[in-house]
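Reader: I want the voids and packing of this model in brief. Please show the sequence and structure, then take my questions in turn.

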Amino acid sequence: MTQKKSKLCSTVNVYPQVPDGGWGWVVAVSFFFIEVFTYGIIKSFGVFFTDLMEGFNESNSRISWIISICVFVLTFTAPLSTILSNRFGHRLVVMAGGLLVSTGMVAASFAQKVYHMYICIGVISGFGYCFSFLPTVTILSQYFDKRRSVVTAVASTGECFAVFAFAPVITKLKEHTGWRHSLLFVGLLQLNIMVCGALLRPVIIRAPGPPKTISHEHRKEVQYMLENEKTRTSIDSIDSGVELTTSPKNVPSHPNSELEPRSDQRQSLVAGSKPKEKKAPLLDFSILKEKSFICYALFGLFATLGFFAPSLYIIPLGISLGIERDRAAFLLSTMAIAEVFGRIGAGLVLNREPIRKIYIELICVILLTLSLFTFPFATGFWGLTSCSVFFGLMVGTIGGTHIPLLAEDDVVGIEKMSSAAGVYVFIQSIAGLAGPPLAGLLVDQSKIYSRAFYSCSAGMAVAAVCLALVRPCRKGLCQPHHSGKTKTEHQRGKTLQDIPEDFLEMDLGKHEHRVHAKMDLV
């Protein structure tokens, strides 16, 4: 490994191949704590739900818009995060995101109206969450190859430990200082994102070896190839009705000078002149042409309906069933611990070779749908605890792998990972905005908190169908099959288009030569 300074005076790690370690371990630890202060705080926000309803005298759906706007901004601005990361580097973007997250949360502690919370937590912190999370998971995927699944899964458990720790701690802190001072404490704690962002060194994979030079023998070989290029046989004489020859002496009407390669071809192939390299776009939207990515993006769109609402409504659901506040907060902690085991277990399973990772993901999505469907039928503390453990295990397997899975060849591949992650999270923004308010609307109409989980299970069921179509679309199995005749005609037409005009000129000249010979004999 070598290091060099970039234009922005930040250290860049240069490796001859994907390191699967090295400074990547430091990046993994940084990603762990960024998960703690981003998604960990978002999923722990349910501890403030009842206090905000009482403090602002608002309904469930109005309060749930705080997290909805935050998740929407987080996902909607993902392409902007990708563009800024490609332009200024992951480090500066993550540090700026940490500053925005802390600023929004601290400002929210002084809010007097609920729409102040929409602006502070929803918009300002939402931008910060996006700038902090997405560049970190992208650069972490670049540091690892064989261990990518297990490292990402273990590092993503940061949000689970955060929910486990923050739920009871913030509950106790609220009892002594109130919810406003608790929000202020959380906002100041989130400044640590800037420290984690400073540890994200860019990585460059540069294969070793001297630059390629063209030897004299290779130059002669290329010249022979150029001389034979115009006389090679490319079509069948029976199908075309034209007889082609590969011998230059059979074409008397064409002098030998016609067979000399063109000067521009000689310069580009023999002299080895390099074509102008096109500058890579900051965000590659060509992935939207791939049907496999479209299906995977729809999977993420509908799956988002079931990601955030359960953690937001599990505490109010427990309180509505007569469970004490402390024990209701323990439900969220139980869900978080189960999610840790789900993420680590998924990482260990997906790290095995050979294995079709997208099929494992599909099984977990189906089980997650069933776990969401069981919440409305739970009664009492232990019933909700069982549902929370089951849900935590399943959401852990998906939450830690659904974005890194974009790097697999079954979806888009590692080359397009950066752009794919930005567009993928951007498409998720619609469900992120609609998910919690839709669940809150069901609660306001029925006055039963368990109804909030119906919309989650319905969205996850549709997500399972979309995920099942990803690999067939990648392999082209979802495209209509044409008849054999049409396919043969297409190949023949393509072959005729590839024939140089020199072939026809040579054959016409040969044909004219034969006609004149016959006339002389007569």
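Reader: Which residues line the second largest cavity?
Author: On a 1 Å grid over the protein atoms alone, a cavity is a set of points where a 1.4 Å probe fits but cannot get out, and lining residues have an atom within 4 Å of a point. The lining here consists of Lys 43, Glu 159, Cys 160, Val 163, Phe 307, Ser 311, Leu 332, Met 335, Ala 336, Glu 339, Phe 391 and Val 395.

Reader: What pLDDT do local features need?
Author: Residues are numbered from 1 along each chain as its sequence is written, and side-chain values use heavy atoms, with hydrogens and water left out. The model is predicted: totals for chains, interfaces and linings use all residues, side-chain atom pairs count only at pLDDT 80 or more, and local features need pLDDT of at least 70.

Reader: Which helix gives the most to the lining of the second largest cavity?
Author: Helices (H or I, at least four residues) are DSSP runs, numbered from the N terminus. α9 (158-177), α17 and α19 each supply at least two residues. With 4 residues, the top contributor is α17.

Reader: How many charged residues are in that lining of the second largest cavity?
Author: Ala, Val, Leu, Ile, Met, Phe, Trp, Tyr, Cys and Pro count as nonpolar, Asp, Glu, Lys and Arg as charged, and the others, Gly among them, as polar. The second largest cavity has 8 nonpolar lining residues and 1 polar. The charged count is 3.

Reader: Which residues are closest to the centre of the largest cavity?
Author: The lining divides into 12 nonpolar, 8 polar and 5 charged residues. α4 gives the most, with 3 residues. Of the 25 lining residues, the closest to the centre are Tyr 39, Phe 133, Phe 307, Gly 399 and His 402.

Reader: What volume does the second largest pocket have?
Author: A pocket is an open set with protein on both sides within 12 Å along at least five of seven lines. The lining is 5 nonpolar, 3 polar and 5 charged. The volume is about 170 Å³.

Reader: Are α5 and α20 roughly parallel or roughly antiparallel?
Author: The axes, lines fitted to C-alpha atoms over the stretch in contact, come within 7 Å and cross at roughly 155°. Angles run from 0 to 180 degrees between N-to-C directions; under 35 counts as roughly parallel, over 145 as roughly antiparallel, 65 to 115 as roughly perpendicular and the rest as oblique. The pair is therefore roughly antiparallel.

Reader: Is Glu 290 buried or exposed?
Author: Glu 290 sits in the loop between α14 (263-269) and α15 (291-303). Beyond its neighbours within four places in sequence, Glu 290 is in contact (heavy atoms within 4.5 Å) with Val 411, Val 412, Lys 416 and Arg 474. Buried means under 20% relative accessible area, exposed over 50% and partly exposed in between, with a 1.4 Å probe and protein chains only. At 17% relative accessibility, Glu 290 counts as buried.

Key. Grid points are joined across faces, edges and corners, and a volume is the space filled by probe spheres set on the points.
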